[in-house]
Amino acid sequence: MARARREAKISREITDFLKLIGHAVYSTEQGYRSARGGTRMSPGIPDLLVFGTGPELPFFFIEVKAPGGGKLRDSQVAFQAECKRMNVPYLVAWDVRDVFDWLVERGVIETAFAP
């Protein structure tokens, strides 16, 4: 399966999971339009914009990458650094479990197995 298809599938799984637990999820993913000079999206914008359900994490970004090969581009690294500078939560996720674990770490999801 091509990397773009794997990323799209992972993105759908993450979106479905987040919606299931009550979050609002907005995709910023846009295909590259070579005929018109690319997208209008600012370079580096992550794939998903998420509004949480509680005070622990009311807003965050997720960049979705394919396992085993998905790396951040320079523009994505710069956006990630800007998020860190502005104290905006940002996650790079290779599968839905990354999102689950990240939410558990931040106290958004509680499990019987969480420390």
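This is a predicted model: local features need pLDDT of at least 70, side-chain atom pairs count only at pLDDT 80 or more; totals for chains, interfaces and linings use all residues.

Trainee: What does the side chain of Glu63 reach?

Mentor: Its side chain reaches the backbone nitrogen of Asp47, at 3.4 Å. Setting aside residues up to four places away in sequence, Glu63 also touches a list of others, including Leu72, Gln76, Tyr90 and Val92.

Trainee: And Glu7, where is that one found?

Mentor: Glu7 is found in helix H1, residues 3-20. With a relative accessible area of 15%, Glu7 is buried too, because the cut-off is 20%. If you leave aside neighbours within four places in sequence, Glu7 is in contact with Val64, Lys65 and Ala66.

Trainee: Now the cores. Which residues in the largest nonpolar core touch the most other members?

Mentor: For a core, you look for buried nonpolar residues joined through their side-chain atoms. The largest one here has 18 residues, and those touching the most other members are Ile14, Leu18, Phe60, Ile62, Val99 and Leu103. At least two residues of this core come from each of H1, strand E2 (48-51), E3, strand E4 (90-93) and H3. Another core, of six residues, lies apart from it, and Leu49, Phe61, Phe79 and Cys83 are among its members.

Trainee: Which residues does Leu103 touch?

Mentor: Not counting residues up to four places away in sequence, Leu103 touches Phe17, Leu18, Ile21, Leu57, Phe60, Val108 and Ile109. Leu103 is also one of the buried residues of helix H3 (residues 96-105), along with Val99, Trp102 and Val104.

Trainee: Last topic, salt bridges. How many does a search of the whole structure find?

Mentor: You look for a Lys or Arg side-chain nitrogen within 4 Å of a carboxyl oxygen of Asp or Glu. The search finds five. One of them joins the side chains of Glu13 and Lys9, at 2.6 Å from N to O.

Trainee: Why are Glu13 and Lys9 separated by about one helical turn?

Mentor: Because they are four residues apart in helix H1. Glu13 is partly exposed at 32% relative accessibility, and Lys9 is partly exposed at 38%.

Trainee: Which residue forms a salt bridge with Arg85?

Mentor: That's Glu82, with the closest N and O atoms 2.8 Å apart. Arg85 counts as exposed, at 59%, whereas Glu82 is partly exposed at 37%.

Trainee: And which side chain does Arg97 meet in a salt bridge?

Mentor: Arg97 meets Asp101, at 2.8 Å from N to O. They sit four residues apart in helix H3, so they too are separated by about one helical turn. Arg97 is partly exposed at 49%, and Asp101 is partly exposed at 29%.

Conventions
Residues are numbered from 1 along each chain as its sequence is written. Side-chain values use heavy atoms; hydrogens and water are left out. Buried means under 20% relative accessible area, exposed over 50%, partly exposed in between (1.4 Å probe, protein chains only). Contact means heavy atoms within 4.5 Å. A polar contact is a pair of N or O atoms within 3.5 Å; within protein, one must be able to donate a hydrogen and the other to accept it, and residues adjacent in sequence count only if both atoms are side-chain atoms. A nonpolar core is a set of buried Ala, Val, Leu, Ile, Met, Phe, Trp, Tyr and Cys residues joined through side-chain atoms within 4.5 Å.
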